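Notebook open, structure loaded. I'm jotting down what I look up as I go.

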Amino acid sequence: MEQKSFYITTTLPYVNAPLHMGHALEFVRADTYARYKKSLGFDVYFNTGTDEHGVKIYTKALEGGLDPQEFVDRGFATFQEQLQSFGVTDDIHFIRTTDTKHIRIAQDFWRRVRDNGFLYKKTYHAKYCVGCESEKTDSELDEQGFCPLHPGIELQLLNEENYFFKYSAFGEKLLDMYAQNASFIIPDFRYNEMKEFVKRGLQDFSVSRVVEKMPWGIPVPEDDTQVMYVWFDALTNYISTFADDSVQTFDDLIASENFQKYWVHGNPTQYCGKDNTRFQGIMWQAMLFAAGISCSKQVVTNGFVMGGGGIRMSKTLGNVVDPRDIVNEFGTDALRYFLLREISSFEDSPFTKERFCDAYNAGLANGLGNLTARILTLSEKYLDKIEIEKITIPGMYHTHMEQFDLQKTMEFIWSEIGALDKYINDEKPFSVIKTDEEKGKLLIQHCVQKLDAITTMLVPFLPETAEKILFHIAQNKKPEISLFNRIEK
């Protein structure tokens with residue numbers, strides 16, 4: 001029987017700064033889902049990488065006195081190190097927008113869209129947010145005239161001749177596609193926002209920049225006066241990742257084994273933050289229509305990770321929590337635990353050091369860590385060997401996972417932890433073993449069996465911790481040191 005395939009990708013962060021907590025959330029969630037699908041026997045293609053062109057990158061490189069390529073090379077190395085610190089699997093495919101194969105495919109994608117009649121040239125005037133790398137209408141600005149996502153950053157005023165994408169041609173096609181796929185964008189309230197945006201009418205947008213003003217980008221084919229707009233370039237990474245040395249043209253790409261297996265038949269799923277939903281759920285889909293390629297299967301949207309009081313994290317306000325600091329002090333799985341259990345699957349949620357410490361103590365130190373120590377202490381003392389029967393994982397676990405509600409899945413797992421803890425308190429195997437050895441051993445064996453099942457469910461979420469617990473179960477030995485030491489505040 002042929003193995004089923006599954007394709008999942010994150011967005012590509014810019015390499016002008018280290019990854020923040022919102023990035024950590026996206027990568028940890030996508031990694032968790034990729035691990036989950038692998039556990040079900042899927043052939044998973046997990047794609048991520050870095051966005052390395054555009055004004056932000058070019059400006060930051062010049063400020064540091066670096067050649068742009070040297071700057072992005074350093075940024076990519078930092079990116080890979082941070083993904084490791086987040087516990088992201090090594091079985092991952094990296095794409096950089098400065099990769100030769102990406103440039104080759106992006107240019108051929110451009111040619112395909114152009115030859116299909118969806119690119120044209122015109123002179124225009126626009127306000128441009130460097131932070132978002134996108135144009136802004138007056139209605140999208142705050143009262144001070146700034147982009148709400150990048151307050152205080154002056155907008156650039158563009159006045160030049162560029163190529164435009166016929167975005168306006170795809171409104172009806174997008175709405176038809178949405179009508180046929182009720183769960184295309186998750187959650188549904190984000191989906192409704194995108195539908196309403198399309199219904200209001202799509203406006204053609206610029207997809208190139210004049211080389212003289214912005215030289216750091218992929219050259220527009222057959223026009224050396226222009227480079228591609230960073231978003232039009234970067235979004236093609238979701239398919240350029242499938243190219244190898246044998247793929248030289250766009251036709252080669254769509255005929256390739258990887259493209260057919262993972263894009264056409266792999267239910268391509270994209271994780272993104274809510275500020276990216278329009279680019280992933282509308283713009284990229286219109287570009288695919290223009291190139292004659294099938295659309296993505298699903299776009300899963302995270303809310304923002306906020307500071308205390310629901311205020312956006314800001315260095316100026318001093319409420320930023322750096323994911324690297326959490327990992328360095330408490331470990332990778334402690335960060336993953338908080339992001340996966342304490343942050344809403346789809347809404348904005350706060351991350352403060354106080355909330356983190358409280359959750360860590362309650363859920364990890366006093367919860368999972370203490371339960372594991374209790375059970376394995378009993379099994380090591382009273383059982384000569386442990387016989388584990390791999391049981392069917394409860395359906396509720398899979399239901400929540402298939403809905404991409406990772407927080408609900410974690411709540412379900414911790415309800416199982418709580419139930420097992422209560423079982424020990426009620427049945428008292430530590431006392432029964434002293435008066436009825438056979439019954440006591442059966443009670444302890446049951447506890448170990450349940451711990452193994454809980455740990456199996458935890459493998460995609462807390463891979464390091466799950467591996468340790470499964471090892472100690474197999475060895476029938478309690479951990480020599482606590483899995484999670486309490487944080488003394």
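I started with E389, which counts as exposed because its relative accessibility is 56%. My cut-offs: buried is under 20% relative accessible area, exposed is over 50%, and partly exposed is in between, with a 1.4 Å probe and protein chains only. This is a predicted model, where local features need pLDDT of at least 70, side-chain atom pairs count only at pLDDT 80 or more, and totals for chains, interfaces and linings use all residues. Residues are numbered from 1 along each chain as its sequence is written, and side-chain values use heavy atoms, with hydrogens and water left out.

E389 sits in the loop between α14 (353-382) and α15 (395-402). Helices (H or I, at least four residues) and strands (E, at least two) are DSSP runs, numbered from the N terminus. I also checked E389 against A290: they are 99 residues apart along the chain, and 53 Å separates their C-alpha atoms.

**R190**

Next I went to R190, in helix α6. R190 is buried, at 9% relative accessible area. Leaving out residues up to four places away in sequence, R190 touches I185, K274, T301 and F346; contact here means heavy atoms within 4.5 Å.

**Helix α5**

Which residues of α5 (171-180) are buried? I get G171, L174, M177 and Y178. They lie on the same side of α5 because they cover an arc of only 130° around the axis, taken from the directions from the helix axis to the C-beta atoms. An α-helix has 3.6 residues a turn, so residues three or four places apart point the same way. On the face turned away from the buried side of α5 I find exposed E172, A179 and Q180. The cover over the buried residues of α5 includes α6 (188-199) and α11 (277-291).

I then traced an open sheet of 3 strands, ordered β9-β11-β10, with antiparallel pairing; two strands pair if DSSP finds at least two bridges between them. Its edge strands, β9 (208-210) and β10 (219-220), each pair on one side only. β9 is joined to β11 (223-228) by 3 bridges, and S208 stands opposite M228.

The largest cavity has a volume of about 60 Å³, the space filled by probe spheres set on grid points joined across faces, edges and corners. I counted 12 lining residues (an atom within 4 Å of a point); closest to the centre are G54, V55, R209, M214 and V230.

Methods: 1 Å grid on protein atoms, 1.4 Å probe; cavity = no way out; pocket = protein on both sides within 12 Å on 5 of 7 lines; lining within 4 Å.
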